[in-house]
Amino acid sequence: MSIRHATSGAPSLRGDLCEDGVMGNPTSRNLRHRTAVVTATVVGTVAGLAGCSLVDPPPPEPNAAAEVLAGGLATGDLAKVAFDGATPADATAYVTAAVGTLKDVARTVKVASVTKSADNVKQAKASLAVTWDVSDSPTDWTYTTDATLRLADDKTWHVVWSPALLAPALTATEKLVSVRVPAKRADILGAGGAPLMTERAVFQVGIDKGRITPAQAGSSAAALAQVFGLDPAAYTKAVTSAGAKAFVVALTLRATDPLAIGKADAVAAIPGGVRVADKGVLGPTPTFARAFLGVVGEATAQVVAASKGKVSAGDVVGLSGLEQRYDSRLRGTEGLTVKAVGTSPSGEATSRPLFSQEPAPGKPLTVALDIPAQTAAEAALAASAATPTALVAIRPSTGEVLAAANGPAASGQGLATTGRAAPGSTFKIVAALALLRAGLTPDSPVSCTPTVVVDGRSFKNYDDYPADRMGQIPLRTAFANSCNTAFISNNGKVSQADLASAAASLGIGVDLDLGAPAFLGSVPGEGQGTEHAASMIGQAKVLVAPMDMATVVASVVKGSVVRPVLVLDNPAAASFPAPARPLQAAEVVALRSLMGAVVTEGSGRVLADVGVTAAKTGTAEFGTAIPPKTHAWMVAAKGDLAVAVYVEDGVSGSKSAAPLLKAFLQTYSG
């Protein structure tokens, strides 16, 4: 009986063995038999005993499994997650497909809480906090999802698979789709708040392939290209390579453009030819300050690539000028809608919104350009189609650049504000200031000779310099008639540094951020011999833009340095430094006297009848041609208006530039 009891009662023996670490108190009569049984039993069970603690270890906590799930949902790789109802590979494949158009959007998934079931020790719930960085705005798409976890027989926690682990109530047929909502692009405004770059009515002209057969596409494209003078081969290739139902735009025309109106019948006569009414961001006219304000259009491949995901193909962006520089400000912040799209049990397409973010419109940019002034400037330059020209008009009292016009031959270059050319004798305003500071006055005698030699190089006056203004003459007369030799012969009285200082006092040769592309002149602070001598008449290494010479005139008119104002809300303007040597009242009076003499007795007499009170002409040799070509300049002041005109290849300031300046002032009074 004792053996049968011991054999069948092995489990009770474990209890006996673990009581105070000794056997029970068997009688001597059955001790021998008990010992034998114990020996056999211990051999079979000793491996399971550990310090006499034979209770099963508790199951692991579900938190670790929840963390693994969160990491997998964040990366899209669920290979390390144990699922019930799906394999890790199937779950990964679903998530990869279901993120849809949000595949490149960064997301984070964190375990918010893990709670065990009160009535089932083998079940728990994990709450996951999900965040998608869907846009550049501070607002993210956030939500929570719940995961059910179950304790498997192998004592590990499994996640019960559900598509809703990725997003709320998501089903097996659904995926996430993000739809971008463009913001309204802001205007660029001019003087008085007048809209310069704003939405205007346009026509998109092109071939609608949905209205023709594939065989007609090539001939229709070639015909439309011929109507508007486009490259037939390039447009035909664009049309034939586009989708079967595509509308391929050939060009965009203002609704008021004579081409849009006059060619309407010709477009309609071409199979597939259409004009589609639309809106486009344009200036007041096709040429209005185009180089300065810029162009708006669909983002190029280069723009998309450089944006690092902020711009997509088809987005409307600034492609040049201020529209490009301030694109993010003008474009605003696009909105976003995230939807779950799929199929209902009956096979119908479904779509339900999950998140939306309203677009924020762009912020307008205000510039100083005045529509009447810019229009008058462009009209004055319109006839000069043979050589690049530019005109800048500044209001001295405020520094506002009212006009920054480029002639038709400038080929889209912003010569008015960014050009670089030798200013020629208009720079004598700067040289005169340096000489005044060296002790000369407008009445000081200077020597105007046919030629003067400096370090072996001979300098002369322009060919038609008046013979009766030669010899010992007052500085005023030399300035009024632009005697080169008079200024060059006095180069020893001022250093190159003195010239640079005088230039800075009048607003050029400084480094400032005007909030727009601009060149504020370059006047070397060091120079000797012939280089310094040539600098006295605005050649050698002296370079300016037309805006710089208008600034010089404006500074004389105002009586203190003028900083050009291109962008009215330019934050950098508040920190513009004063010149190291500001203009003095006596210097201003003298400069006005010198520039006034140009109009009353010198090379600017042609401007007297349009109210000009101060002026200066200039020519500057350039290039390697013999005889050399010359830039022609004219600068002038009329009331609260300072104007500079530049002609790249002209005869002289009075003959080439003055007529353009006069035409401007005859139209625009300021």
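These legends describe close-up views of a predicted model.

**View 1. Helices α6 and α7 pack together.**
Two packed helices are described by the angle between their axes and the distance between the axes. Helix α6 covers residues 217–228, and helix α7 covers residues 232–241. Their axes lie 8 Å apart, at an angle of about 140 degrees. That angle makes α6 oblique to α7, because angles over 145 degrees would be needed to count as roughly antiparallel. The crossing of α6 past α7 is right-handed. On the α6 side, the contact uses A217, G218, A221, A222, L224 and A225. On the α7 side, the partners are P232, Y235, T236, V239 and T240. Sorted by class, this contact holds 8 nonpolar and 3 polar residues, with no charged ones.

**View 2. Helix α22 and what covers its buried residues.**
Helix α22 runs over residues 585–601, which is 17 residues. From first C-alpha to last, α22 reaches 24 Å. That is close to the 24 Å expected at 1.5 Å a residue. Which residues of α22 are buried? They are E587, V588, A590, L591, L594, M595, G596, A597, V598 and V599. The cover over these buried residues includes the helices α16 (428–437), α17 (475–481) and α21 (546–558). Strand β22 (614–622) is also part of that cover.

**View 3. Helix α16 against helix α22.**
Here the axes of α16 and α22 are 10 Å apart. The packing angle is about 135 degrees. The two helices are therefore oblique to each other. Their crossing is right-handed. From α16, the contact takes I429, A432, L433, L436 and R437. From α22, it takes E587, A590, L591, L594 and M595. By class, 8 residues in this contact are nonpolar, 2 are charged and none is polar. All five of these α22 residues, E587, A590, L591, L594 and M595, are buried.

**View 4. Helix α16 against helix α19.**
Helix α19 spans residues 496–505. Its axis and that of α16 come within 8 Å and cross at roughly 110 degrees. Are α16 and α19 roughly parallel or roughly perpendicular to each other? They are roughly perpendicular, because angles of 65 to 115 degrees count that way. The crossing of α16 past α19 is right-handed. V430, A431, L433, A434 and R437 of α16 make the contact with D498, L499, S501, A502, A503 and S505 of α19. The class count is 7 nonpolar, 2 polar and 2 charged residues. Two of the α16 residues here, L433 and R437, also take part in the contact with α22.

**View 5. A194 in a loop between two strands.**
A194 sits in the loop between β7 (188–189) and β8 (195–208). Its relative accessibility is 23%, so A194 counts as partly exposed. Leaving out residues up to four places away in sequence, A194 touches I188, L189 and I371. P353 is 159 residues from A194 along the chain. The C-alpha atoms of A194 and P353 are separated by 40 Å.

**View 6. Q539 in a loop between two helices.**
Q539 lies in the loop between α20 (529–535) and α21. Is Q539 buried or exposed? At 15% relative accessibility, Q539 counts as buried, because the cut-off for buried is under 20%. Beyond its neighbours within four places in sequence, Q539 contacts A422, A534, T619, A620 and E621. D77 is 462 residues from Q539 in sequence. C-alpha to C-alpha, Q539 and D77 are 69 Å apart in space.

Key. Residues are numbered from 1 along each chain as its sequence is written. This is a predicted model: local features need pLDDT of at least 70, side-chain atom pairs count only at pLDDT 80 or more; totals for chains, interfaces and linings use all residues. Side-chain values use heavy atoms; hydrogens and water are left out. Axes are lines fitted to C-alpha atoms, for helices over the stretch in contact, and angles run from 0 to 180 degrees between N-to-C directions. Helices (H or I, at least four residues) and strands (E, at least two) are DSSP runs, numbered from the N terminus. Angles under 35 degrees count as roughly parallel, over 145 as roughly antiparallel, 65 to 115 as roughly perpendicular and the rest as oblique. A crossing is left-handed if the near helix is turned anticlockwise from the far one by less than a right angle, and right-handed if clockwise. Contact means heavy atoms within 4.5 Å. Ala, Val, Leu, Ile, Met, Phe, Trp, Tyr, Cys and Pro count as nonpolar, Asp, Glu, Lys and Arg as charged, and the others, Gly among them, as polar. The expected span of a helix is 1.5 Å times one less than its number of residues. Buried means under 20% relative accessible area, exposed over 50%, partly exposed in between (1.4 Å probe, protein chains only).
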